[in-house]
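Colleague: I have a few questions about this one. Can you put it up on the screen?
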Amino acid sequence: MNQLIKKIGTLDHHFYINLRKIYSTALSTTTINHIKHYSSSSSRTPSSFMKPFIGAIDQGTSSTRFILFDKNGDTLLSHQVPLTQHYPHSGWVEHDGKEILDSVNICIEKVMQEFYEKNYGTKEDIKAVGITNQRETTIAWDKNTNAPLNNAIVWCDTRTSDLVGYFTNKAKKLIKNSTTAVATTTKLEDGANNNELEPKNYLRDKCGLPFSTYFSAVKLKWLFDNCKQVKEAHEKGDCKVGTIDSWLAWNLSGGKLHITDVTNASRTMLMNLHTCKWDKELTDFFEVPIDVLPEIKSSSEAYGTIQGGPLDGVPLASILGDQQAAMVGQMCFEKSQAKNTYGTGCFLLYNTGEKIVPSRNGLLTTVCYQLGPKAPVIYALEGGVAVAGSGVQWLIKNMGIASSSKEIEDLAHSVKDTGGMYFVPAFSGLFAPYWREDARGVMVGLNHHTNKAHLALSVLESTCYQTYEVLEAMQKDSGDKLIELRVDGGMAKNNLMLQIQSDILGLPVLKPTNLETTCFGAAFAAGMAVGVWKESMEFKTGMKFTPQLDENTKLKKIKGWHKAISKSINWIDLEEEQEDNE
Ligand SMILES: Nc1ncnc2c1ncn2[C@@H]1O[C@H](COP(=O)(O)OP(=O)(O)O)[C@@H](O)[C@H]1O
Ligand SMILES: O=P(O)(O)OC[C@H](O)CO
């Protein structure tokens, strides 16, 4: 860790500026009255916590949380509000920006109400607040009214699949014709030959990502092409855009901060990974204006202060994409450390230090964190699985086979195996390592005996198989063998799934005592910015799962999974679908 401190260098603690209080965080209760909230507080006495305190907002795909941590990293108080998912058309997934903001404000209100009622301390004991967020999800708003100009287009939304085709074709032509195109201006670190460049990887060298509906650039292009309000606001100079961190920072700061951090920016396809700046060649390629984008900051610095509401005046001091925040929260600060977060989707990140490692096996190269404006940028390889916990939600909401995630876990527990059944939840295509927009969900290997318990188990197993494939790719790309996997996220409550994961990987799986590592990562980065923490904390293992499955059975199961994947790929004829949409 001393090494980390050296790398971080001098943190800029003098960034506080006197912002005028121009904004009050008025709450609209109408949009959120109908949803169930979850509050939790510790059974410990308030005086047993160690001051000072740090807060973190975790704005995830399925819910929003606000948590207060003490100096030991223990949770004092938390409040969670579920978020409405809007599916206006097949493949479309949207969130209401106003509801997102309301959910954040409600969470803060509830925690602070209890904070005072139970005498935990004063507002001055809360030294900073951090933001962590679902990444890639893109929103545009009017800078004068602060009103969203569109519903946020969520990361797993696939409405842009025809645009992905358009950009892939554009790349194809450029590869053929040009010697000065984007991909040829920078050399791949491993010396890969640009002539062999696949069109979908045309920009990978610069931004670390392949063409996919997943990333923000295509979502922005869609907004400027299809959303009249966005176009008009831009023409008037009133349009701001960003990922959810930007939307929250803008509103929490009363319209003073239009910022994002390097981790979120690295998910847009518009940031150059080598310079950590917006790149004109990338914005030109995607035909999106550069002037509407937020300023890119480090992940840990006092950006400004919160304006209005119960945290008025408290520094806003960290922003991290949720998967990167989990890396920080799991204390994965050393090169070769990895974690897997099981939430709505499931994301495995592997720390590659200051080196940008290009993937040759279907992974993404991304920024892991930059803990201070003068600190080095640390990179990661990432493998994302689009459907993990959302597969469980699909079983509950669409199939109606249970009424809660816990019931799904119990159902899965009631059978010894899936009876040969496999479920590939490629609802929005397949992410890593396949990147196939043409894949769709399949259930295979059904027989007269198959029942809902087998289905529940096969959904849990699908997350484990996909993680296995991501880990295999990671080991190939890094040339490294993992010895254990740290896990977290809402779905990691499920011990059955974690045992299956350990069996399929053939590795120990470590679950921390506190599963709120994403939130804690944001709190930790905020705490570092204001000097509350100066060095990493101990990773506390709550449960350890070790492999119990014999090698033959494991290999047989993985073979079956690969067969199931082959049925899922190439299901959709993208060209035909594009024609139908026109
Ligand atoms: N016991 C369980 N078994 C399986 N899935 C679970 C269990 N508990 C929670 N989940 C799943 O975890 C997801 C929520 O995790 P969370 O980390 O809060 O998500 P996000 O950060 O994406 O909003 C939900 O999709 C839920 O279905
Ligand atoms: O909301 P989560 O936890 O599923 O995370 C979403 C990811 O950030 C999408 O890239």
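Modeller: One term before we start: a residue is buried if 20 or more other C-beta atoms lie within 10 Å of its own, exposed if 12 or fewer, and partly exposed in between. Also, this is a predicted model.

Colleague: Fine. Is N146 buried, exposed or partly exposed?
Modeller: N146 has 17 other C-beta atoms within 10 Å, so it is partly exposed.

Colleague: Where is N146 found?
Modeller: In the loop between β7 (138-142) and β8 (152-153). Most residues other than glycine have a negative phi.

Colleague: And what is phi of M269?
Modeller: Near 80°, again positive in a residue other than glycine. M269 lies in the loop between α9 (262-265) and β11 (271-272).

Colleague: Buried or exposed, that M269?
Modeller: M269 counts as buried because 29 C-beta neighbours lie inside 10 Å.

Colleague: Staying with the backbone, which peptide bond is cis, with omega near 0°?
Modeller: The one from K51 to P52. P52 sits in the loop between β1 (38-41) and β2 (53-59). The bond from A432 to P433 is also cis, with omega near -5°, and P433 is in the loop between β20 (422-424) and β21 (442-444). In general, most peptide bonds are trans.

Colleague: Change of topic. How many residues are in the largest nonpolar core?
Modeller: 172. The residues with the most contacts inside this core are A56, V129, A249 and A526.

Colleague: Which helix gives the most to this core?
Modeller: Helix α14 (residues 452-478), with 12 residues.

Colleague: Back to V129. What is V129 in contact with, leaving aside neighbours within four places in sequence?
Modeller: G55, A56, I57, I306, L311, V314, L316, A317 and A526. Two of those names, A56 and A526, are also on the list of residues with the most contacts inside the core.

Colleague: Now the ligands. Which residues come nearest to ligand 1?
Modeller: G60, G343, T344, G389 and G490, out of 19 residues around ligand 1. The elements that give two or more residues to this shell are α12 (389-397) and α13 (405-413). By class, the shell has three nonpolar, 13 polar and three charged residues.

Colleague: And which residues are around ligand 2?
Modeller: G60, T61, Q134, R135, E136, W155, G321, D322, Q323, G343, T344 and G345.

Colleague: How does the shell around ligand 2 divide into nonpolar, polar and charged?
Modeller: One nonpolar, eight polar and three charged.

Conventions: Residues numbered from 1 in each chain as written. Chains lettered and ligands numbered in written order. Predicted model: local features only at pLDDT ≥ 70, side-chain atom pairs only at ≥ 80, totals over all residues. Core = buried A, V, L, I, M, F, W, Y, C linked by C-beta atoms within 7 Å. Helix = DSSP H or I, 4+ residues; strand = E, 2+ residues; numbered from the N terminus. Contact = placed C-beta atoms within 7 Å. Near = placed C-beta within 6 Å. Nonpolar A, V, L, I, M, F, W, Y, C, P; charged D, E, K, R; others polar.
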